[in-house]
Amino acid sequence: MTRPAESGRLAGLILAGGRSERMGQDKAELAWRGQTLLARARALLLATGITGIHVGGRPQAADGLPDSQPHAGPARAIIDAACLLHERYDSLLVIPVDMPLLEPGQLAPLLAGPSGQALHWAGQPLPALVPIAPCRALRDEDIHSIKRLLASLRAEALPLTGPIAAFSNINTPDALARLNTED
């Protein structure tokens, strides 16, 4: 079976609709290494070869998608994206806007998995590869947790390789300050 990346039926989804309460400001607009976290996430997906990139929870952004239930959590944003994009794509490579240390090599194994299989790294619900059809079928379920969504999709957890720090979310001003000092 053809993998989504090979067929061109793979979209990138950046989760950027959170309130950023712990950060105290919009995380997507934070600057790191001369670009916003949102621009960094777009560049990361482009570096994997994905050209159809959408931003969940930001209908005002280029290729932004609205949330059916604003601030209902990232799993709901993924299900919403699946419902909105099902005619154009078969799968979504989902990344959060606040993981600036992710690199293309950490996403490649997710893209290399079997077609139609939900995948993520063991112990890390995101990033994840999510097939659209089974995700879309969950639209009437009360799912707000990524872990519950992945369980409902029978996602396979790949053994984690490489530095765990790449999967760290930047949620507070202190975490951003540490990131900038380690840079």
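Student: Among contacts in the chain between residues at least 6 apart in sequence, what percentage join residues at least 24 apart?
Tutor: This is a predicted model. Contact here means heavy atoms within 4.5 Å. Take the contacts between residues at least 6 apart in sequence; the share that joins residues at least 24 apart is 70%.

Student: How many helices and strands are there in the chain?
Tutor: Helices and strands are DSSP runs. The chain has 7 helices and 9 strands.

Student: Which element gives the largest share of the largest nonpolar core?
Tutor: The largest nonpolar core holds 32 residues. Ile 14, Leu 93, Ile 95 and Leu 110 touch the most other members. Elements giving two or more residues include β1 (10-15), β6 (91-96) and α4 (104-111). The largest share is 5 residues, and they come from α2.

Student: Why does Gln 124 count as buried?
Tutor: Gln 124 lies in strand β8 (residues 124-131). Buried means under 20% relative accessible area. Gln 124 counts as buried because its relative accessibility is 15%.

Student: Which residues does Gln 124 touch, not counting those up to four places away in sequence?
Tutor: Set aside the residues up to four places away in sequence. Gln 124 then touches Ile 164 and Phe 167.

Student: What percentage of the residues of the chain count as buried?
Tutor: The chain has 183 residues. The buried share is 46%.

Technical notes. Residues are numbered from 1 along each chain as its sequence is written. This is a predicted model: local features need pLDDT of at least 70, side-chain atom pairs count only at pLDDT 80 or more; totals for chains, interfaces and linings use all residues. Side-chain values use heavy atoms; hydrogens and water are left out. Helices (H or I, at least four residues) and strands (E, at least two) are DSSP runs, numbered from the N terminus. Buried means under 20% relative accessible area, exposed over 50%, partly exposed in between (1.4 Å probe, protein chains only). A nonpolar core is a set of buried Ala, Val, Leu, Ile, Met, Phe, Trp, Tyr and Cys residues joined through side-chain atoms within 4.5 Å.
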